[in-house]
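Q: I have a protein model open and I'd like to learn how to read it. Can we go through some features together?

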Amino acid sequence: MKTIIEPFKIKSVEPIHFTTREERIKIIKDAFYNPFLIRSEDVLIDLLTDSGTSAMSSAQWAGVMLGDESYAGSNSFYRFEKSVKEITDMPIIIPTHQGRAAEKILFTVIGGKGKYIVSNTLFDTTRANIEYSGAEGIDLLCSEGKIPSLVAPFKGNIDTDAFEKFIREKGSESIPLCIITVTNNSGGGQPVSMQNIKEIKSLCKKNNILLFIDACRFAENCYFIKKRESGYENSSIQDIARELFSYADGCTMSAKKDAFCNIGGFLAMRSEELAVQCRNLLIITEGFTTYGGLAGRDLEAIAIGLKEVMEEDYLHYRIRSIEYLTEKLTAAGVPVLKPGGGHAVYLDAKEMLPHIPPNLYPAQALVAALYVEGGVRGVEIGSLMFGKYDVNGNLIPAMMELVRLAIPRRVYTQSHIDYVAEVIIETFNNREKIKGLKIEFEAPVLRHFTAKLKETK
Ligand code: F0G
């Protein structure tokens, strides 16, 4: 076996800026121990997100120059629509400026007080848009998905028994929609099997519940199906994707992930009745139906990116690079979520920092420590992001305390990843020196973006 290399050459480079440890100690303190408040020039390796941070290909940049900027009926829209239809086979494609705009429209129409939206795990903006409509978001992840150290092929699956029980308890009329996140970002970037999607489809159909896919990382999920689910070994990624979407009544998508774009998204569906309501909102909040908050050039970049992301050489390298980092960390004894996800490596802060209780945010403390150690920026997916308070104001912690190191697509090389591994291992070896963090300021929703924290003694 030879080294699996990056399947691209670099045509344009962007310098990165080095800082000293002393500088970083001051920077993280001034940023209130919140990585969202650090300036990007102060970050050496930026693993905050894989969203909107991809390197576009030369074909995509060439497409940008072909962008038709007509307000209505732009050629770029029709190329975009064709590309999305080739994957989803859905008749109605509505462009939006990013994923959460599609969510906002969908849940404004579908959500509302007294309703429940079921998922494997809702992403933070998806949950926020559901709750903002007055509805409640319900995560019904399979039990394997809740144990970070457990190796299983499809830890993103929905617990079908729990879903059935939930329908019996609440009544199907109060559940307008189920949305499956592929891959399951908040649960470790873990894939969902075709089998699980089929089972959920049949449950939804029987109970008159719409099934949508949160398709941000559909290609990575399809690659896992090809590699791990029997019967798909010889199928193309496009065929797997077409089957996956065939079970759905619609999807939301952020083109900032598996379309290699810096901005963009869409909402796709089969029901014309639902589409009429969605398009009305689109025109009020995003723009006309053939651009939806995007420039024609963005639509071109999405049309091309959606094809490129399904190339197997790319997906092979992509998934392998996440596995590579996971293996290096595992060999050094660092507790990581296993197996590696599709787009990120997740460190298990609960396991790594048992001396920091959930109300002092161990995963956020680990994010800060990684930054100080080597200028690596990750993000907390734990009690700061998903914690709630009970009636007495005590924290109800999240299920897991994770640090996500999301790998931007086609951006970093193997030596960058080797460096990241060194920084994590060094931090792990000095873990007992890491201190918990206290919240000094928090917003009522999506608090992790703007929260201000302070180190405890
Ligand atoms: N759904 C999932 C599963 C996501 O991961 C995201 C974004 C969205 C929806 C919203 O899309 O950002 O285009 O509005 N995830 C990013 C992340 C921000 O860092 O994981 P968006």
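Q: Is R39 buried or exposed?

A: A quick word first: this is a predicted model, where local features need pLDDT of at least 70, side-chain atom pairs count only at pLDDT 80 or more, and totals for chains, interfaces and linings use all residues. Residues are numbered from 1 along each chain as its sequence is written, and side-chain values use heavy atoms, with hydrogens and water left out. Now, buried means under 20% relative accessible area, exposed over 50%, and partly exposed in between (1.4 Å probe, protein chains only). R39 has a relative accessible area of 59%, so R39 is exposed.

Q: Which residue forms a salt bridge with R39?

A: A salt bridge is a side-chain nitrogen of Lys or Arg within 4 Å of a carboxyl oxygen of Asp or Glu. For R39 the partner is E41, and their closest N and O atoms are 4.0 Å apart. E41 is partly exposed, at 46%.

Q: How many salt bridges does the structure hold?

A: There are 27. One of them joins the side chains of K201 and D249, at 3.7 Å from N to O. That pair links distant parts of the chain, 48 residues apart: K201 sits in helix α7 (residues 194-206), and D249 in the loop between α9 and β7 (250-254). Helices (H or I, at least four residues) and strands (E, at least two) are DSSP runs, numbered from the N terminus. K201 is buried, at 18%.

Q: Where does R410 lie, and what does its side chain meet in polar contacts?

A: A polar contact is a pair of N or O atoms within 3.5 Å; within protein, one must be able to donate a hydrogen and the other to accept it, and residues adjacent in sequence count only if both atoms are side-chain atoms. R410 lies in the loop between β14 (402-406) and α16 (414-429). Its side chain has a polar contact of 3.0 Å with the side chain of E308, and a polar atom of the R410 side chain is 2.9 Å from the backbone oxygen of A55. R410 is buried, since its relative accessibility is 15%.

Q: At what angle do helices α3 and α9 pack?

A: Two packed helices are described by the angle between their axes and the distance between the axes. Here, α3 (residues 75-88) and α9 (residues 237-246) pack at about 80°, with axes 7 Å apart.

Methods
Axes fitted to C-alpha atoms, helices over the stretch in contact; angles between N-to-C directions.
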